Amino acid sequence: KKYKKIARMDRILKAEGKTPDAYKVAKQADLLMLFYLFPLNEIRALLKELGYPCHKNLMKNNYEYYIKRTSHGSTLSKVVHGYIAHLLRKSHESWNWFIEILKSDIADTQGGTTPKGIHTGVMGGSIDMVMRAFAGIDIINDRITIAPQLPKQLQSITLTFCFKQAWFTATVSKKRLSIRMTPQKGNTRARDVHINNKVYCLRPKKQYAINLN
């Protein structure tokens, strides 16, 4: 009631002569960054190697624990929570986080920080959400994997990305993926792309249309 906004809970506590270290509160996503940066199977393997038990609901339990205790004093915190909500198939929550991400500078949600400089980190995070979460495009073990999960609010996404001296243009809709590879510097090598756990060999400058259902 006194401070209105609680995003910077760390500063509020210090203003009251207290320390955040004495409370179960976080300014932004910290431990949850693990699930944002690393595949779950890698995290499980690391924990096993360190001798820690790994519950099957590891990611879900941590998301639900920290979401109650994080004040999101950083715009990047919303990127992490949005991506993990997507991984947990909480589509409604994930979309709401995505809208909050987009509002960061458009609505200056931190109250006065945008005039001092736009938040390029959260802008990159919004693109990452579109590419990795919604279009499902990722580079895993040095290979392109595509597993689209478009939210109901989007009919299609078109984007381009570069991988090993080749540009890829992909259009993802609810039922179909259209993809084309354009090589650079005379590179004529075909590339394998893993789409919904199937391997497709893409040849240069050829358009591919793949049914996703």
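A search of the whole structure turns up 0 disulfides. Keep in mind that this is a predicted model. The chain has 213 residues, and buried residues make up 37% of them. Its secondary structure comes to 7 helices and 8 strands. Along the principal axes, the C-alpha atoms fill a box of roughly 65 × 50 × 35 Å.

**Cysteines**

- Start with Cys-201: the closest cysteine sulfur belongs to Cys-162 and sits 18 Å away, which is too far for a bond. For a disulfide, the two sulfur atoms would have to be within 2.5 Å.
- Cys-201 has a relative accessibility of 37%, so it counts as partly exposed.
- Cys-54 also counts as partly exposed, because its relative accessibility is 29%.

**The sheet**

- Four strands make an open sheet in the order E1-E2-E6-E7, and the pairing is mixed. At the edges are strand E1 (137-140) and strand E7 (198-202), each of which pairs on one side only. On average, neighbouring strands here are turned by 35° against each other, direction ignored.
- As a bit of background, the strands of a sheet pair through backbone hydrogen bonds, and they can do so parallel or antiparallel.
- E1 and strand E2 (residues 143-146) run antiparallel and are joined by 4 bridges. Within that pairing, Ile-137 has Ile-146 of E2 as its bridge partner.
- E2 and E6 run parallel, with 3 bridges between them. Ile-146 turns up again here, this time with Ile-195 in E6 as its bridge partner.
- E6 and E7 pair in the antiparallel sense, over 5 bridges. In this pairing, Asp-192 stands opposite Cys-201 of E7.
- The hairpin of E6 and E7 has 2 residues between the strands, and Asn-196 takes a positive phi near 50° there.
- How well covered is strand E6 (residues 191-195)? Mostly covered, with 4 of its 5 residues buried.

**Salt bridges**

- How many salt bridges does the structure hold? There are 7, and three of them are picked out below.
- Lys-90 and Glu-64 meet through their side chains in a salt bridge, at 3.8 Å from N to O. Lys-90 lies in the loop between helix H5 (75-87) and helix H6 (91-106), while Glu-64 is in helix H4 (residues 58-67), so this pair ties together parts that are 26 residues apart in sequence.
- Both partners count as partly exposed: Lys-90 because its relative accessibility is 21%, and Glu-64 because its value is 29%.
- The side chains of Glu-100 and Lys-78 form a salt bridge too, at 3.4 Å from N to O. That pair links distant parts of the chain, with Glu-100 in helix H6 and Lys-78 in helix H5, 22 residues apart.
- Is Lys-78 buried or exposed? Its relative accessible area is 13%, so Lys-78 is buried; the cut-off for that label is under 20%. Glu-100 has 27% relative accessibility and therefore counts as partly exposed.
- Asp-142 and Lys-164 also meet in a salt bridge, with 2.6 Å from N to O. Asp-142 is in the loop between E1 and E2, and Lys-164 is in the loop between strand E3 (156-162) and strand E4 (166-173), so to speak a link between distant parts of the chain, 22 residues apart.
- Lys-164 counts as partly exposed, because its relative accessibility is 37%. As for shared partners, salt bridges join Lys-60, Glu-64 and Lys-90 into one network.

**A nonpolar patch on the surface**

- Which residues form the nonpolar patch on the surface? They are Leu-31, Leu-34, Leu-37 and Phe-38, and together they have about 330 Å² of accessible area.
- Leu-34 is found in helix H2 (residues 33-37). With a relative accessibility of 39%, Leu-34 counts as partly exposed.

How values were computed:
Residues are numbered from 1 along each chain as its sequence is written. This is a predicted model: local features need pLDDT of at least 70, side-chain atom pairs count only at pLDDT 80 or more; totals for chains, interfaces and linings use all residues. Side-chain values use heavy atoms; hydrogens and water are left out. Patches are made of residues with over 30% relative accessible area and no salt bridge: like charges are joined within 9 Å, nonpolar side chains (Val, Leu, Ile, Met, Phe, Trp, Tyr) within 5 Å. Accessible areas come from the Shrake-Rupley method with a 1.4 Å probe; for residues, only the protein chains shown count as cover. A salt bridge is a side-chain nitrogen of Lys or Arg within 4 Å of a carboxyl oxygen of Asp or Glu. Buried means under 20% relative accessible area, exposed over 50%, partly exposed in between (1.4 Å probe, protein chains only). Two strands pair if DSSP finds at least two bridges between them. Axes are lines fitted to C-alpha atoms, for helices over the stretch in contact, and angles run from 0 to 180 degrees between N-to-C directions.
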